[in-house]
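Hello,

Here is the structure I promised to pass on. Please have a look at it first, and then read my notes below.

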Amino acid sequence: MRYLTAGESHGKGLAGIIDDYPSGVSIGIDFLNEELARRQKGFGRGKRMSIEKDAIEIISGVRKGKSIGSPISFIIQNKDWCSWKEIMDINPTRSNDKDLKNRLLNPRPGHADLPGFLKYRPDDIRDIIERSSARETAARVCIGGFAKIILKLMGINVFSYVSQIGKIILNKDAVLNDIILTEIERSEVRCPDKNTGKKMREEIIKAKKQGDSLGGKFKVIATGVPAGLGSYSQWDRRIDGRIACAFMSIPSVKAVEIGDGSNVSGKTGTKFHDEIHYKSGTGFYRKTNRAGGVEGGITNGESIVIGAWMKPIPTTAIGLHTVNIRTKKSDKSLKERSDICAVPSASIVGEAVLSIEILNFIQEKFGRDNMEEILENFNCYKKYLEKV
Ligand SMILES: Cc1cc2nc3c(=O)[nH]c(=O)nc-3n(C[C@H](O)[C@H](O)[C@H](O)COP(=O)(O)O)c2cc1C
């Protein structure tokens, strides 16, 4: 399954194309819209999210509620576009005074503004910030939703939660059960622990008061993943490598770990590795999962556990020292309507990218054309795993 996204943050909308999506999958539009709504939530997000109510409009690849094997394409309209029509006009217009005054000239450190300006040579940094904006992740969440629909049919579920915002850290990993999952979905910061969630909320309020922004950490977990996805045979067939690349492609994610990732180096081998057990009728299993479900670039049958660190949002109310691209004089970085903290939303993007990567490896192993065929192959393989 390949995909592409397009669209500017304040343009008409976002678009996505998914190629190689199997035929015969029932597509629940409500489910896709719920996924979009989950990305929009979260304490610390800017005003933009109260203007937008993202909804998917499918253009192709689905007929009478089912995928037909041809490319799926969709759009998500930007409601805010009405207020930006003039600024985002695609027709040639003569520069006027207002246009010149509106030009963004003070690049924000930490954003794509300066490297994008140097690379694409615009006379207005808006040309850079419109596409580099994380608004693009709405399209990816949609594509992740399409992937999740298939994974659910195979008993694979993908969850996420926030484990750190600023200096507030959840002191132990969440054990996912129905109660905890409900708590995560209810929490404004997607934290499984109410008290820690309250402190995270306060941290965001404090940062807002100071005209500053925050980053943090989120975790994404996939359960029900069979052993045998990915391969050590070539570097680019390793599932851990592909997952890490997908997470690093989420704007502002600066580090990714699999399992106990950032903690592995201080332990000895006998304290770290997950010992192997066997139960007749179930097959091989582990009592611990420090490897995060991947060994040698291949899934080992345990849950895939990913942690991702997000840097603080680059746009801040007080701004940072920068240089005006026209005058070359010192100034404060540009201000754009912005989130203060987007870790909860990023965790939903994390669910999407992990779902897409897992589906890719599922299709590689069990087929890509038709859902019934994929399920037949998958169920046959699961029987093999139980009795091997
Ligand atoms: C869901 C989400 C929302 C974001 N919202 C904002 C925002 O409102 N303002 C901002 O400056 N950066 C925001 N970011 C971060 C920037 O998009 C990101 O830092 C920027 O594109 C530069 O990319 P890099 O941090 O990966 O280098 C957001 C990121 C995510 C994942």
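Let me begin with Leu-151: apart from neighbours within four places in sequence, Leu-151 is in contact with Ile-156, Val-158, Ser-355, Ile-358 and Leu-359. Contact here means that the C-beta atoms of two residues, placed from the backbone, lie within 7 Å. Leu-151 belongs to helix H7; helices (H or I, at least four residues) and strands (E, at least two) are DSSP runs, numbered from the N terminus. With 21 other C-beta atoms within 10 Å, Leu-151 is buried. The cut-offs for that are 20 or more other C-beta atoms within 10 Å for buried, 12 or fewer for exposed, and partly exposed in between, with C-beta atoms placed from the backbone. Ala-222 is 71 residues away from Leu-151 along the chain, and their C-alpha atoms are separated by 9.8 Å.

Before going further, two notes on the basis of all this. The model is predicted, so local features need pLDDT of at least 70 and side-chain atom pairs count only at pLDDT 80 or more, while totals for chains, interfaces and linings use all residues. Residues are numbered from 1 along each chain as its sequence is written.

Now to the helix packing. The axes of H7 (residues 137-153) and H12 (residues 343-366) come within 8 Å and cross at roughly 50°. Axes are lines fitted to C-alpha atoms, for helices over the stretch in contact, and angles run from 0 to 180 degrees between N-to-C directions. That makes H7 oblique to H12; angles under 35 degrees count as roughly parallel, over 145 as roughly antiparallel, 65 to 115 as roughly perpendicular and the rest as oblique. The H7 and H12 crossing is left-handed, meaning that the near helix is turned anticlockwise from the far one by less than a right angle, with clockwise giving right-handed. Among the residues in this contact are Ile-143, Ala-147 and Leu-151 of H7 and Ala-352, Ser-355 and Leu-359 of H12. By class, the contact of H7 with H12 has 12 nonpolar, 3 polar and 3 charged residues. In this scheme Ala, Val, Leu, Ile, Met, Phe, Trp, Tyr, Cys and Pro are nonpolar, Asp, Glu, Lys and Arg are charged, and the others, Gly among them, are polar.

H7 also meets H1 (residues 29-40): their axes come within 9 Å and cross at roughly 135°. H1 and H7 are therefore oblique to each other, and the crossing is right-handed. Residues that meet here include Phe-31, Leu-32 and Leu-36 in H1 and Val-141, Cys-142 and Ile-149 in H7. The H1 contact with H7 has 7 nonpolar, 3 polar and 2 charged residues.

Lastly, two loop residues. Most residues other than glycine have a negative phi. Lys-64, though not a glycine, has a positive phi of about 50°; Lys-64 sits in the loop between strands E4 (62-63) and E5 (66-67) and is exposed, with 6 C-beta neighbours inside 10 Å. Lys-328, also not a glycine, has a positive phi of about 65°. Lys-328 lies in the loop between E16 (321-323) and E17 (330-332) and counts as exposed, with 8 C-beta neighbours inside 10 Å.

Best wishes
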